[in-house]
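Student: Please walk me through this model. I would like to start with its pockets and then turn to its surface.

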Amino acid sequence: MRSYLVLTPPNDPRSGSDRDHQSTLVLRDGFSWLALLFPWIWLFWHGLWIAGIVILLAQIGSGILMQVPGFWTAGLLLGFATSLLTALEGRHYRSEALIRRGWTLETVIAAQNLRTAEEIYFSRLPQPEQQPMPVSAEWAKQAKPPAAGWQAPHMGLFEHGGR
């Protein structure tokens, strides 16, 4: 089972059952393969600019260190360590950054996949009150009964009402 964090946006004027949950985020917590393979791109993609710049500089530094004779292994380990750190903690750092920006952590859900986590969260929300169907309109009650026979001049091919 994976854990999923449910975050709601900041400054939502509606709260409780009035909230529409269009921008509610359900984020998976844990390891990210994309963050392992492309750490600074992954951070930039998610708007984590400062961390992305730090990781980019560390990766550039590891590349430079690999060029120095005798430090190839150290440069390789530095590059791998920064990628692994981003892959393991990147999603957590993203959720913490959103919380610092005003998002609210509603709950943590354990589920098999994202769809199941969303179903669990949204099924727990209070359902809106069911409004009864409106009664027949007042105009239907006040309608005049149809007149007997045709009361108007002829306006077509056939005569109505025996005329």
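Tutor: Some ground rules come before the questions.
This is a predicted model, with local features requiring pLDDT of at least 70, side-chain atom pairs pLDDT 80 or more, and totals for chains, interfaces and linings using all residues. Residues are numbered from 1 along each chain as its sequence is written, and side-chain values use heavy atoms, without hydrogens and water.

Student: Which helix gives the most to the lining of the largest pocket?

Tutor: Lining residues have an atom within 4 Å of a pocket point. Those of the largest pocket include Leu-43, Ala-51, Leu-85 and Tyr-93. Two elements give two or more residues: helix 3 (49-67) and helix 4 (72-100). With 6 residues, the top contributor is helix 4.

Student: How many residues of that lining are charged?

Tutor: Asp, Glu, Lys and Arg count as charged. The lining of the largest pocket has 6 nonpolar and 3 polar residues. The charged count is 1.

Student: What separates the C-alpha atoms of Arg-115 and Val-26?

Tutor: Arg-115 sits in helix 5 (residues 114-124). Arg-115 is exposed, at a relative accessible area of 62%. Arg-115 and Val-26 are 89 residues apart along the chain. Their C-alpha separation is 9.4 Å.

Terms used:
1 Å grid on protein atoms, 1.4 Å probe; cavity = no way out; pocket = protein on both sides within 12 Å on 5 of 7 lines; lining within 4 Å. Helix = DSSP H or I, 4+ residues; strand = E, 2+ residues; numbered from the N terminus. Buried < 20%, exposed > 50% of the residue type's maximum accessible area, 1.4 Å probe, protein only.
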